[in-house]
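This briefing covers selected local features of one protein structure. The sequence and the structure are shown first, and the notes follow by topic.

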Amino acid sequence: MRARNQQGLRTPTRQRGGGRRRTVSAAAAMAIGAMTLAAFAPPASSTSVAATTTVTARPDAVQQALNTLVRSDGMPAALASVKDRNGHTRTYTAGVADLATGSKVPRDGQVRIGSNTKTFVAVVVLQLVAERRMALDAKVDTYLPGLVRGERIDGRRITVRQLLQHTSGLPNYSNYLGDDVRYYAPRELLATALRHPADFAPGTSWKYSNTNYVLAGLIVQKVTGRPLAEEIDRRVIKRIGLRHTYFPAPGDVTIREPHPHGYYRESADGPLRDITEIDPSWGWAAGQMISTDSDLNRFFSALLAGRLLPPAQLARMRSTVPAEATFGPGARYGLGLVSRPLPCGGLSWGHGGSFPGYETRGGVTDDGRAASVAVTMQLTDEPGRRNLERAVDTALCR
């Protein structure tokens, strides 16, 4: 949901996937006054290491990558968690948590994880498919009759699989939201999308659209008779012991546990504004959740290891179509899951996400490696995106 961020919820005028960036209202989003990075120069680095590892005198490649994100790309803070093939975990930080106070970045602090939420939703849908309560090739109208209608849009022609894989052609609601930062009901988000024509006929192309996952979330609620947040909590979060991950309740603008502040910049040379506390409801099933780097690693590792889905459903999740236009060279999109080629060979599997104030990238490999990196500002330029993705690749290719 970042400006010019393919893995975010809100999209800019020109990006790999297209769209328009939504401006965040300063009155609603700003917790403290405007400031620049020069006002509080962050420390060069601050490495935190799990008890199973030893701190070295010289920063390793991952720490250097985080330092680059702070020093060269202007991120107030960067955080990472890395798990090697042997299961040893190491956490890293760089920068400062709060530009107003200069406080240290909390090790493995909570952040808004944006579109990583989509993978959690896809897992719940596929669990329901495994339970034969849903079918991937069933039409949206099977579960939400008459709800999805618009110009060249018909829920009788769109399947659940097409929602999860972004091949439905539904327009992206987040391109059309105004500047009002407030609570949005899920059906209000859907209605915003349906006022615009389809991008293409279902199944004929691929284009990233947050509307797909709002609909998937509504279907989960219809099938289960329970709120989406409760289904994610009991089916995923509690099942694999994610202790620092949650779906914020309506009206909850805070981040519960220790966290770095998130910042927003209106223009490349504009001041940074603290946007940590914000109503996340406009992200809902497409990007509302909060987590940590280590919990994200645990989630994606458990998913790839078969702890959340039966083999048949996991195989369907990993069945991909080209998504290079949005996720970069060699990238492919499955059912809420992205594969990317690694420079050291093989693939990483994950998603990535963005929300005002935060950006996350990560991935896991089939041999047990995992890495997640977060920064405390949405990235708006190609060099910054490359550096964040390079930090993940560096961690996975060590």
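Asp108 lies in the loop between β2 (89–95) and β3 (111–112); helices (H or I, at least four residues) and strands (E, at least two) are DSSP runs, numbered from the N terminus. The model is predicted: local features need pLDDT of at least 70, side-chain atom pairs count only at pLDDT 80 or more, and totals for chains, interfaces and linings use all residues. Residues are numbered from 1 along each chain as its sequence is written, and side-chain values use heavy atoms, with hydrogens and water left out.

**Positive phi in loops**

- Asp108 is not a glycine, but its phi is positive, near 60 degrees.
- The relative accessible area of Asp108 is 18%, so this residue is buried (buried means under 20% relative accessible area, exposed over 50%, partly exposed in between, with a 1.4 Å probe and protein chains only).
- Arg132, also not a glycine, has a positive phi of about 60 degrees, and its place is the loop between α3 (117–130) and α4 (140–143).
- Arg132 counts as exposed because its relative accessibility is 80%.

**The disulfide**

- One disulfide is found in a search of the whole structure, where the term denotes a pair of cysteine sulfur atoms within 2.5 Å.
- Cys344 and Cys397 form this link, with an S to S distance of 2.1 Å.
- The pair links distant parts of the chain, 53 residues apart: Cys344 is in the loop between β11 (338–341) and β12 (347–350), and Cys397 is in the segment after α13 (382–396).
- The link of Cys344 and Cys397 is left-handed, with -75 degrees about the S-S bond.
- Cys344 is partly exposed at 43% relative accessibility, and Cys397 is partly exposed at 25%.

- Six of the six residues of strand β15 (residues 370–375) are buried.
- On one side of β15 the buried residues are Ala370, Ser372 and Ala374, and on the other they are Ala371, Val373 and Val375.
- Strand β1 (residues 77–83) runs antiparallel to β15 and is joined to it by six bridges; two strands pair if DSSP finds at least two bridges between them.
- Ser81 has Ser372 in β15 as its bridge partner.
- Strand β14 (residues 358–364) is likewise antiparallel to β15, with six bridges, and Arg361 is partnered by Val373.
- The hairpin of β14 and β15 has five residues between the strands, and Gly368 takes a positive phi near 105 degrees there.

**Asn387 in helix α13**

- Asn387 belongs to helix α13 and is buried, at 18% relative accessibility.
- Neighbours within four places in sequence aside, Asn387 is in contact (heavy atoms within 4.5 Å) with Thr68, Leu69 and Asp73.
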